[in-house]
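Q: Please take a close look at a single part of this structure and describe it in a connected way.

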Amino acid sequence: MHKFLRAAGFSMYQTKKEIKSLLNMLMQEEKTELEFHGESEDLCQLCIEAAPELGICIVGEKKENGEIEPEYYFPYLNSSEVTSKAECSIQRHTERETFAGLLDEYKVGISLIYYMTNSLEYRIRRSRKEACSVKGARLSGFSIKGKILLPIQKTAVQIEQSKIASNTRSNLLEAAKNGDAEAIDTLTIEDIDLYSQVTRRVEKEDLYSIIDTCFMPCGIECDQYSVIGYIKAIDKKENRFTGESVYDFVIEACDLTFHVGINEKDLVGEPEVGRRFKGQIWMQGIADF
């Protein structure tokens, strides 16, 4: 069973037998199809909406009689906003021919890895020898455990200063990656100063009043992250198959804007625009070619 299936509103399906019956039922529903005809196999991708822009994607081999034998599935949450236009490379997963996108995103200071939900489209483009360079990535995530935190009160001047500091740091990180020794020294000194400031403040302040937002790898899987971000918009969706409610948050963390889907049952606290979301997410996204 996919760990994040419950985040799309399918928490009642918990065994392989239940999942199999769910997939068989979904394949009879209204869906969008995408077919890939390879040398050794014919694949078909079915996307079944449980709510607007939210659902399950099933990929399987299409047999001669037209039936589809499911090979794998995953929940999806589509985003219409471009999260990043940073340089993006695509790498194949080991176990099956699915792909991950790797963004060199300076805003978070790490290589951001996400599960590509349009892997079949990428395979089709490659087989047709079409352009496969990524122009932008529309990211979204699923969480199975989240909390709502209160925001940090800031003045307009502090918000503007924070934006300037963020842009300056992004420029320094880019310069340091290109081998600029002065930028490397500046970043090192800034990190030492930041560490000493945090050490002093943590003695008297709560941790989440010091950490405004964060975006960092979590666990051993490369596409899972621990995030704290401001809620910019809230859309509460109802899964038409189960009746469960799913929150679709637009989150801003470390100057990145992306969607996060979480089952209402798994959220602690009352969500409101302006408050912060804290949780572990599985990052997925659509690569725009």
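In which loop is Asn-239 found?

A: In this predicted model, Asn-239 sits in the loop between strand E11 (224-238) and strand E12 (245-253). Asn-239 has 1% relative accessibility and therefore counts as buried, the cut-off being under 20%. Two polar contacts of its side chain can be described. The side chain of Asn-239 reaches the backbone oxygen of Ala-8 at 3.0 Å, and a polar atom of that side chain lies 3.4 Å from the backbone oxygen of Gly-9. With neighbours within four places in sequence left aside, the residues in contact with Asn-239 are Ala-8, Gly-9, Phe-10, Ala-50 and Glu-244.

Among these contacts is Ala-50, and strand E2 covers residues 42-51. The sheet with the order E1-E2-E3-E4 is open, has four strands and shows antiparallel pairing. Strand E1 (32-37) and strand E4 (68-77) stand at its edges; each has a single partner strand, so one side of each is left without a neighbour in the sheet. On average, neighbouring strands of this sheet are turned by 20° against each other, direction ignored.

Within the sheet, strand E3 (residues 54-62) pairs with E4 in the antiparallel sense over nine bridges. Val-59 has Tyr-72 in E4 as its bridge partner. Two helices complete the description. Helix H1 (residues 16-26) lies across E2, E3 and E4 and runs at about 90° to E3. Helix H2 (residues 119-127) packs on the sheet, where it touches E1 and E2, and its direction makes about 40° with that of E1.

Note on methods. Residues are numbered from 1 along each chain as its sequence is written. This is a predicted model: local features need pLDDT of at least 70, side-chain atom pairs count only at pLDDT 80 or more; totals for chains, interfaces and linings use all residues. Side-chain values use heavy atoms; hydrogens and water are left out. Two strands pair if DSSP finds at least two bridges between them. Axes are lines fitted to C-alpha atoms, for helices over the stretch in contact, and angles run from 0 to 180 degrees between N-to-C directions. Contact means heavy atoms within 4.5 Å. Buried means under 20% relative accessible area, exposed over 50%, partly exposed in between (1.4 Å probe, protein chains only). A polar contact is a pair of N or O atoms within 3.5 Å; within protein, one must be able to donate a hydrogen and the other to accept it, and residues adjacent in sequence count only if both atoms are side-chain atoms.
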